[in-house]
Amino acid sequence: MFGPDWLVAPITVYRALNRSVYLPPLPAGYQWRHHFTGMVYKGGQNYTITGPLDEFPLFQRVEPFSRLPAVQKHSDERKDHVLCIGATSFADNTAYMTDWTEGYTVSEGASSLYEVQALTLYYSPKYSDNCVTNATSPPDNTYTTTFNNGYVLTNQETGTAPLLLYYNRNVMDHLTVASQEGIDYAEKNGYDKIGVQGFVFASPTD
């Protein structure tokens, strides 16, 4: 160990390209991350770790992160849906009715384990439409950037589902969904799929 957060296990056998490494137990939620490959491992187990000439088994203890519910809400009056994640989006849409939970996004701290990307909430006063997307620019010039609306995984991991953006041209409404309930609603109500906006966890814990 090199302090409480690093474990160094050099390969000392001549011409060996791997070695067995025991990773000590960690508090709940913590994991060991390989410094070079980015792979994560649970503590309290033995692993066979490959070590090319330009790498060696070096592990960092990484902190747990929060999973935040992504709640689908709607307004019949505005014919608008909005995916609420952070406190700001909930506070700004108290008049909207709650439908269901699409999945669970991650806090920014998840970047210690995964590649993450931000979701942005754009709003169009002209269409009374909220749009939650990973795009770095609004759908068109009638939309303004309101705020960061949480983080999602960039790549699919075990236990995650794609977060999909849909759009209905007839009612000028964007819809961001991940649950089967959300997908069924979109497809039954004339929404066209735009694309994947990242990945969310299906449950709040493993």
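Strands here are DSSP runs of at least two residues, labelled E and numbered from the N terminus.

A word on the model, everyone: it is predicted, so local features need pLDDT of at least 70 and side-chain atom pairs count only at pLDDT 80 or more, while totals for chains, interfaces and linings use all residues. Residues are numbered from 1 along each chain as its sequence is written, and side-chain values use heavy atoms, with hydrogens and water left out.

Strand E13 covers residues 160-168, and seven bridges join E13 to E15, residues 192-201, in an antiparallel arrangement. Another five bridges join E13 to E14, residues 173-177, also antiparallel. Two strands pair if DSSP finds at least two bridges between them. E13 and E14 form a hairpin with four residues between them, and Met172 in that turn has a positive phi of about 55°.

How enclosed is E13? Seven of its nine residues are buried, so E13 is largely enclosed by the rest of the structure. Buried means under 20% relative accessible area, exposed over 50%, and partly exposed in between, using a 1.4 Å probe and protein chains only.

Now, the rings. Phe, Tyr and Trp rings (the six-membered ring for Trp) pair if their centres lie within 6.5 Å; planes under 30 degrees apart count as stacked, over 60 as edge-to-face, and the rest as tilted. By this rule there are seven aromatic pairs. In one of them, Tyr41 and Tyr47 have ring centres 4.8 Å apart and planes at 65°, so the pair is edge-to-face. Tyr41 is buried at 12% relative accessibility, and Tyr47 is buried at 18%. Please also meet Tyr114 and Phe201: their centres are 6.3 Å apart with planes at 65°, so this pair is edge-to-face. Tyr114 sits in the loop between E9 (97-106) and E10 (116-124) and Phe201 in E15, so the pair ties together parts 87 residues apart in sequence. Both Tyr114 and Phe201 are buried.

Finally, look at Phe36, in the loop between E3 (31-34) and E4 (40-41). Phe36 counts as partly exposed, at 34% relative accessibility. Thanks, all!
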